[in-house]
Protein chains: 4
Amino acid sequence: MHERKNEVVAKIYPKGMHQCIADGLSEDKTLDVRTATLEQPYHGLTTAVLKGTDVLLWWGHAAHGQVTDVVADAVVRRVWEGMGLIALHSAHYSKVFKRRMSTSCSLTWREAGEKERLWVCNPGHPIAHGLDRYFEIPNTEMYGEPFAVPMPDEIIFISWFEGGEVFRSGCTWKRGNEKIFYFRPGHEAYPIYFHPTVQKVLKNAVHWAAPEGQRWVDSCPNVPINKACEPLVAKGPSIHKAGEEGFK
Amino acid sequence: MHERKNEVVAKIYPKGMHQCIADGLSEDKTLDVRTATLEQPYHGLTTAVLKGTDVLLWWGHAAHGQVTDVVADAVVRRVWEGMGLIALHSAHYSKVFKRRMSTSCSLTWREAGEKERLWVCNPGHPIAHGLDRYFEIPNTEMYGEPFAVPMPDEIIFISWFEGGEVFRSGCTWKRGNEKIFYFRPGHEAYPIYFHPTVQKVLKNAVHWAAPEGQRWVDSCPNVPINKACEPLVAKGPSIHKAGEEGFK
Amino acid sequence: MHERKNEVVAKIYPKGMHQCIADGLSEDKTLDVRTATLEQPYHGLTTAVLKGTDVLLWWGHAAHGQVTDVVADAVVRRVWEGMGLIALHSAHYSKVFKRRMSTSCSLTWREAGEKERLWVCNPGHPIAHGLDRYFEIPNTEMYGEPFAVPMPDEIIFISWFEGGEVFRSGCTWKRGNEKIFYFRPGHEAYPIYFHPTVQKVLKNAVHWAAPEGQRWVDSCPNVPINKACEPLVAKGPSIHKAGEEGFK
Amino acid sequence: MHERKNEVVAKIYPKGMHQCIADGLSEDKTLDVRTATLEQPYHGLTTAVLKGTDVLLWWGHAAHGQVTDVVADAVVRRVWEGMGLIALHSAHYSKVFKRRMSTSCSLTWREAGEKERLWVCNPGHPIAHGLDRYFEIPNTEMYGEPFAVPMPDEIIFISWFEGGEVFRSGCTWKRGNEKIFYFRPGHEAYPIYFHPTVQKVLKNAVHWAAPEGQRWVDSCPNVPINKACEPLVAKGPSIHKAGEEGFK
């Protein structure tokens, strides 16, 4: 949205941020890259599209509230099934990321175009593949700790800011079939998605977040007594009737 | 609810399950125990009550859907602030627990009054204080793996069931200020909350879940340029206006 | 060793357990499988062999103490660099596994040929790929909780034993570049490595444990003052002389 | 050692660093504080002393190699039993900390007397109790990422350094009964242990690391067939003789 409403952003991203991100990913010929935007029906994320998506990158800022609950819920269900999720910058406050974290996802921030240096904390991690010990972004919006998320499984990057703050800028979470990567850089006021190392991280992250297991659609099945693994005779009283669904 | 509508449950818990749980906890004279039930205004969980509560035990089954979103959200906010949460048995499908886990929380189940043996996996943990290597519940409803929750921080108990299943029956999660304990036993068709070891676990769990830190009300504050820790001069364009709130 | 000294084991594994495991893995034509045994020089694990190994499966029982510290240390260094490690059954007490866990790795046990049922706790995990909800081993040695290891990152399998115990039988740990999988089944008194599902799990596990990132040889480098990222002038006294190594 | 051999350190810590740390802790009248130093028999850490110790703070630098394996092993055993361990600054390379982490524990470093700012990442954590959003140390030795330790359970502090680096400066790990806190500040060339916030953190950390559960001395017991929880008849061959200890 901001590229169409704000001149600064329109100048930096004439084709839109989503297209810049897609162009960077498309350099990797093993990837089949598509885009979806807010104003499309279902924000471009129909059941069929989600079904055919292995990894979803999510950028949002000014219009988090305009994302419908229907679409947010559908995305969450596909993440549970195994679709990788990469949340970018201000997506820390997106419906999808907040529903996955289940915490407030708050942080501190400042927009001063200051310098950011991202240190690699986990040089052996596939998301850091081919990177040096650190990389710098000359102008960026600052995000500072505390970042109110569940403790990540892995921290790939920690940022140093010119103004004196620090931030856990590259974090992964795995839960069952679900793989999530949060990557901090990406403010729309600066040409961050043209930065070659940022593009490299996104390519690495897409490969890391690709599904590895089978799609798992969970449920809450009753196991009837005569289907128990070990011979079993019913004892005592019961609340549920035979064949009944559980309470949800 | 079930104690008033179902004769079996009414006979086992004539004063209600909540009162049985409260009576068990009250044996510990260091605890100040109160109850709250669904039919009270705000289910008995007003802002003032929550503010004065250190640890909340949550049991629910047939009426998860009747808990209002307003109360569920208020409970979640207090959990973020540091109020301990103990989710009991069928509370795996309660609004509050599902919002904290952010996964489907599904499992398999069978109501056959079978035997359950809970093994202590972490004998040094305060929740297992004073317990033997295992304890048994003669009649129980079975819950089986897979239990669709984020990987717990600690697993205190794993259950063995007569019918052949297993289950992670005592799990803890910490996130920032938040402490959660899930404890599997507790089906209303059997007198499980009268079991002395179950009562002991609940007492231990309440002490474990008690707040340790300061109440933390998080926010998303802007740090103005002239308040940066290091001297800073604004560079490049900006999207946000001075003093503006971030987008949520 | 046991296949050559014990008639029972010799009959079950005439070519040795290592060969049976290798034969099972070799069915996957994408894998290049080799074996190494205790009596070889450096137990078959020379620097060159380790350098050329992506994933190491470790089985040991009667002769843990005969593994030299030199080889154990060399294996640990390669694991840090990114070589996957799969520890099998009684390898819970191997030098290599104990050095990676840094805990006592104790458990309870019983050799009664009883039935074991392994439940899949994480159906979406690549190690569980293609498996049903559970699989059974008709005769096995029992291992029981508490299993004294650091809390795993993921629990893939939990075992139910005929004699009444439970055990976390499939566990993963990641640390930086290191990936470890512990898999419980494998007692030498029974033909467990001929079990088709056990063979499938090992194939899945080898793919899971394969290196994903760059080999990372860590060190403890001094960053001289004139090489600091930000301009820096030395202040205050110092203990270390210029160019000095740190104390180890 | 450095206070007696190095004039700079002797001037800052005339009574020794250990005494300065002890004096700071002793302000908390609920604590009973004692010291132990390298040159004492068993470095002052006899079995009786360790048995009577709830929390051990470890500082070491120039003489890590002079700590005997006997004492290091005894300390590790007490940590497994539940004695809290607080590792300070250069203790990242101490025998005790390296044995608990089981990784290389390397980092980058620079001694330039530069400024360090420690951000609180987890404001609700008891170790951060009573602290502001950050605190500063005017002159410090820099430690930089990557810090080669297993991913901490919780990150309490992240440091920003004047020279451009970042570091996870306050980390906790729990494993069964064991509680460990690593705290980065503490170079002997600067009066860091006189800093009031550093003293406050150490007091908080001692309370956090205090044992909560029962002392757990683990073992690897055989459960004889006739003592199984469920009726069991031996089947198939066996390797172990009745009453035998397992192989270690």
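Hi everyone, let's start in chain C, where H89(C) lies in the loop between β2 (84–88) and α6 (95–101). Those labels are DSSP runs numbered from the N terminus, with helices being H or I over at least four residues and strands being E over at least two. H89(C) has a phi near 50 degrees, a positive value in a residue other than glycine. For context, most residues other than glycine have a negative phi, and most peptide bonds are trans. Is H89(C) buried or exposed? H89(C) is buried, because its relative accessible area is 0%. Here buried means under 20% relative accessible area, exposed means over 50%, and partly exposed is in between, with a 1.4 Å probe and protein chains only.

A quick word on the ground rules. This is a predicted model, in which local features need pLDDT of at least 70, side-chain atom pairs count only at pLDDT 80 or more, and totals for chains, interfaces and linings use all residues. Residues are numbered from 1 along each chain as its sequence is written, chains are lettered from A and ligands numbered from 1 in the order in which they are written, and side-chain values use heavy atoms, with hydrogens and water left out.

On confidence, the model scores ipTM 0.93 and pTM 0.93. Chain A averages a pLDDT of 92, and 97% of its residues score at least 70; pLDDT is the predictor's confidence in each residue, from 0 to 100. Where pLDDT is low, the predicted coordinates should not be read in detail.

Back to backbone geometry. Over in chain B, H43(B) also has a positive phi, near 50 degrees, and is not a glycine. H43(B) is in the loop between α3 (17–26) and α4 (47–51) of chain B, and at 10% relative accessibility it counts as buried. In chain C, D32(C) is in the loop between α3 (17–26) and α4 (47–51). D32(C) counts as exposed, because its relative accessibility is 67%.

Now for the cis peptides. Which residues does a cis peptide bond join in chain A? They are E145(A) and P146(A), with omega about 5 degrees. P146(A) is found in the loop between β4 (134–144) and β5 (154–161) of chain A. In chain C, a cis peptide bond joins E145(C) and P146(C), again with omega about 5 degrees, and P146(C) lies in the loop between β4 (134–144) and β5 (154–161) of chain C.

On to aromatics. F147(B) and F167(B) make a tilted pair, 4.7 Å centre to centre with 35 degrees between the planes. This pair links distant parts of the chain, 20 residues apart: F147(B) is in the loop between β4 (134–144) and β5 (154–161) of chain B, and F167(B) is in strand β6 (residues 166–175). F147(B) is buried at a relative accessible area of 1%, and F167(B) is buried at 0%.

W119(D) and Y134(D) are tilted too, at 4.8 Å centre to centre and 50 degrees between the planes. They connect strand β3 (residues 108–120) and strand β4 (residues 134–144) of chain D, 15 residues apart. W119(D) counts as buried at 0%, while Y134(D) is partly exposed at 30%. The charged end of R117(D) sits over the ring of Y134(D), 5.7 Å from its centre. By that I mean that NZ of Lys or CZ of Arg is within 6 Å of the ring centre and within 35 degrees of the ring normal. In chain C, the charged end of R117(C) sits over the ring of W160(C), 4.7 Å from its centre. And in chain A, one aromatic cluster is formed by F97(A), Y143(A), F147(A), F167(A), W173(A) and Y182(A).

Last, symmetry. A rotation of 180 degrees, with 0.0 Å of shift along its axis, superposes chain D on chain B at an RMSD of 0.0 Å. The two copies are thus related as by a two-fold rotation axis. The superposition is by least squares on the C-alpha atoms of residues with pLDDT of at least 70 in both copies. Within chain D, D153(D) comes closest to the rotation axis, with its C-alpha at 4.1 Å.

Definitions and conventions
Rings of Phe, Tyr and Trp (its six-membered ring) pair if their centres lie within 6.5 Å; planes under 30 degrees apart count as stacked, over 60 as edge-to-face and the rest as tilted.
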